[in-house]
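Me: I would like to learn how to read this structure. Please take me through it feature by feature.

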Amino acid sequence: QNEEKWDFVLVSDIHEMGSEKEIKRKKFLDELSKKGFTIKKIEDTKLFYGVRAPQHIFWKYQCLLMNPDSRQQNSSALQDIPVTTRIRVVHFILQNTVTSDLEKLHDLMKKKVFEAAFPLHKKEKIREILKKKWARWRVIFKEQPIEEIRCYFGEKVALYFAWLGWYTYLLIFAAVAGLITIAAGATVFSSSQVSKEICDANDTIMCPLCDQNCSFWVLSDTCTYAKVTHMIDNEATVVFAIFMAIWATVFLELWKRQRATVATNWDMYGWDEEEEELALQLINNPQHEPRLYQHSYVRSAIVLILALLMIMVLIGIAHALVIYRAVAMALFAQSEVNLLSKHADTIAVMTGAVLHYVTIVIMTKVNWNVALFLCNLENPRTFSEREKSFTVKIFLFQFFTNFSSLIYIAFFLGRINGHPGHYVRIAGHWRLEECHPSGCITDLFIQMAVIMLLKQTISNIMEYLIPWISHRLRKKQKHRKRRNVMLGEEEEAEDPCKRQWLNNYELNEVNVFSLFNEYLEIVIQYSFTTIFVAAFPLAPLLALINNVIEIHMDAIKMMRLRRRMVPRKAKDIGIWLQVLEAIGTLAVIGNGLVIAITSDFIPVQVYKYMYSPCTRENHTSMDCSAGYINNSLSVFRIQDFEPHTKVLPEFNGVQIKKCRYRDYRNADDYTHTVQFWHIFAARLAFLILFEHVALCVKLIAAWYIPDVPQRVKNGILREKHSNLQNELSTMEYCTEV
């Protein structure tokens with residue numbers, strides 16, 4: 001039965017005898033035979049080659065690394081080599097075996113000599129446990145069997161699921177805090193003076209929102225939006241933003257402790273990735289020379305310039321979306337179709353959001369290729385260095401793809417568009433769009449909700465459906481071909497390996513980026529959950545729901561729909577930890593800016609303490625924000641409109657001479673009032689104070705929670721002590737002898 005245990009399967013098309021591809025294939029298989037590999041050939045509609053490595057390769061691996069998988073170096077211990085180690089070693093040798101034409105497996109696959117190379121999902125006890133306890137929907141709320149995942153998929157995949165599970169668990173606290181913030185907004189702040197004033201403003205005539213065919217409107221029309229806005233734009237949001245800054249720090253600090261415990265339990269604490277790679281190179285080729293560290297300032301400068309150019313392109317795309325919305329708004333407003341002209345702003349925003357989602361999908365593919373190109377240009381020394389370099393680049397590009405539009409909406413929309421009579425225009429023609437009448441934070445709330453819901457629903461459906469459908473199609477195609485082959489033929493006794501290899505071949509292929517994709521998706525989601533969370537307190541709840549589904553969807557994909565991943569060792573989540581820490585710092589800055597600049601929190605506070613009736617009379621019964629709305633609207637004279645603005649001077653049968661708009665400007669010359677500068681100074685002061693307080697709290701939290709638990713430290717200390725004691729006693733024994 002041992003004879004039928006195969007480490008890897010290579011798949012090839014049936015090439016003509018003597019053809020170039022057939023010769024190249026033979027050369028590669030001959031190289032493997034020289035290294036002592038056993039090869040078994042099975043012919044079907046394709047050629048399948050089972051590959052099994054000789055035992056001495058694993059003996060060398062254990063001797064070189066004093067592998068914790070086996071403490072004794074004898075032949076009986078070789079039986080205990082984990083399957084994950086076998087697969088990893090064989091995969092490395094397959095990838096680095098060079099033919100006499102100086103071609104590796106990677107080159108041969110490019111030239112279609114081989115079609116696929118994969119380890120097998122076998123009928124093992126551990127696989128059945130994972131299928132039962134993990135890769136099914138009915139265990140959705142049960143704890144993940146991390147130890148079993150590690151034994152089947154290796155440490156790297158197990159750490160991903162351990163991290164994702166930990167993040168999902170801690171999201172419960174963030175989601176509850178977000179719900180409390182929304183509940184407080186809906187109960188305590190929904191009857192706030194500000195929204196009451198907006199709802200009662202039946203005689204406050206507002207200036208038109210576009211140049212052509214737009215009429216005046218009454219402020220009370222935005223009553224519903226005002227109530228929604230004040231659900232998220234109130235004092236509770238400030239507390240929630242600080243809470244989320246602390247939460248992000250505590251999450252990472254507690255994860256470091258969790259990781260330290262896991263790495264110690266797996267005996268991975270002293271494991272060195274570089275040493276493992278060197279050992280594998282020497283096993284594959286004893287004459288191997290290590291590739292030395294090199295650094296080229298010229299190469300780094302070129303990569304940096306190209307990366308910055310790419311980021312500028314991504315920011316340019318965000319600008320294009322802004323221009324689209326401004327032009328679409330103007331064109332829809334002038335449309336003769338009543339539906340379009342009536343809801344011009346809503347249609348422009350909705351189509352803009354959908355267009356943004358489409359650009360995210362397209363640019364993800366472009367970003368991927370650009371990041372790969374820049375990586376090749378850098379020419380990293382090892383695979384792990386290449387992975388780190390690629391991670392940083394793709395994350396930066398994806399971050400700007402996803403967030404450029406949100407950054408514009410949060411901090412620039414409605415602030416750079418001028419005022420009635422003197423609007424900033426694109427190409428001197430189209431007016432830049434303004435904030436939503438009920439406040440700028442509403443636009444950010446809508447955009448965040450649309451993108452998060454679209455990303456999570458569509459992406460998850462596609463992520464599961466595409467592998468499922470392609471697996472079904474591959475199966476159908478295969479069975480149809482087999483039926484055609486077998487027609488009119490006597491069916492011979494089938495090799496027991498054949499069915500197993502075919503079943504594995506019919507599954508969807510995996511590559512080195514399969515796990516990387518999962519990380520990237522969750523890290524971008526983490527950015528949405530933390531960076532602009534002050535504008536969208538429901539983000540942690542959406543992330544929590546998504547992750548509970550994501551864990552089991554990934555499990556089902558890995559166990560049932562995809563070929564087996566090549567297990568890889570790891571003692572942490574790598575460069576992703578630094579990326580998450582950077583996001584945590586960005587979250588403090590982002591939320592501070594949202595509260596200081598996007599929301600009306602600061603203007604309301606300035607009004608309360610400097611301009612409200614409370615400052616003049618000491619009325620304890622009076623709400624100090626009374627009169628805020630009237631104070632925050634400036635007056636514009638109709639006669640000062642630009643010549644090409646077509647506005648109907650009548651509104652509800654009344655001749656209009658003046659209208660109001662959101663800004664702090666003088667009524668005579670439209671310059672900024674003193675109150676504008678007071679608010680500006682207060683925004684700046686709040687931003688500095690908020691960020692310093694939040695960053696200090698983050699630093700204190702990071703200091704307060706040790707990265708490595710005492711239990712783990714003491715365990716390592718005892719192990720070092722006992723090793724040295726044993727060494728000493730051995731030395732004394734040798735000296736005596």
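Me: Is C696 buried, exposed or partly exposed, and what is its relative accessible area?

Reply: Start with the cut-offs. Buried means under 20% relative accessible area, exposed means over 50%, and partly exposed lies in between (1.4 Å probe, protein chains only). C696 has a relative accessible area of 43%, so C696 is partly exposed. By contrast, C375 is at 1% relative accessibility and therefore counts as buried.

Me: What should I know about the model itself?

Reply: This is a predicted model: local features need pLDDT of at least 70, side-chain atom pairs count only at pLDDT 80 or more, and totals for chains, interfaces and linings use all residues. Residues are numbered from 1 along each chain as its sequence is written, and side-chain values use heavy atoms, with hydrogens and water left out.

Me: How many helices and strands does the protein have?

Reply: Helices (H or I, at least four residues) and strands (E, at least two) are DSSP runs, numbered from the N terminus. Here there are 25 helices and 14 strands. The C-alpha atoms fill a box of roughly 100 × 75 × 55 Å, taken along the principal axes. Of the 737 residues, 51% are buried.

Me: What share of the contacts is between residues 24 or more positions apart?

Reply: Contact means heavy atoms within 4.5 Å. Take the contacts with a separation of 6 or more: residues 24 or more positions apart account for 78% of them.

Me: How many disulfides does the structure hold?

Reply: A disulfide is a pair of cysteine sulfur atoms within 2.5 Å. The structure holds three. In one of them, C199 is joined to C223, S to S 2.0 Å. C199 lies in helix α8 (residues 193–200) and C223 in helix α9 (residues 223–232), so this pair ties together parts that are 24 residues apart in sequence. The angle about the S-S bond is 85°, and the link of C199 and C223 is right-handed. Both C199 and C223 are buried.

Me: Which parts of the chain does the pair C207 and C659 link?

Reply: The disulfide from C207 to C659 has an S to S distance of 1.9 Å. This pair links distant parts of the chain, 452 residues apart: C207 is in the loop between β5 (205–206) and β6 (217–218), and C659 is in strand β14 (residues 658–662). The link of C207 and C659 is right-handed, with 90° about the S-S bond. C207 counts as buried because its relative accessibility is 6%. C659 also counts as buried, at 0%.

Me: Where do C614 and C624 lie?

Reply: These two form a disulfide with sulfur atoms 2.1 Å apart. C614 is in helix α22 (residues 613–616) and C624 in the loop between α22 and α23 (628–632), so the pair ties together parts 10 residues apart in sequence. The link of C614 and C624 is left-handed, with -105° about the S-S bond. C614 counts as buried at 18% relative accessibility, whereas C624 counts as partly exposed at 26%.

Me: At what angle do helix α6 and helix α7 pack?

Reply: Two packed helices are described by the angle between their axes and the distance between the axes. Axes are lines fitted to C-alpha atoms, for helices over the stretch in contact, and angles run from 0 to 180 degrees between N-to-C directions. Helix α6 (residues 146–153) and helix α7 (residues 155–187) pack at about 150°, with axes 7 Å apart. That makes α6 roughly antiparallel to α7 (angles under 35 degrees count as roughly parallel, over 145 as roughly antiparallel, 65 to 115 as roughly perpendicular and the rest as oblique).

Me: Which residues of α6 and α7 meet?

Reply: I146, I149, R150 and F153 in α6 meet E155, V157, A158, F161 and A162 in α7.
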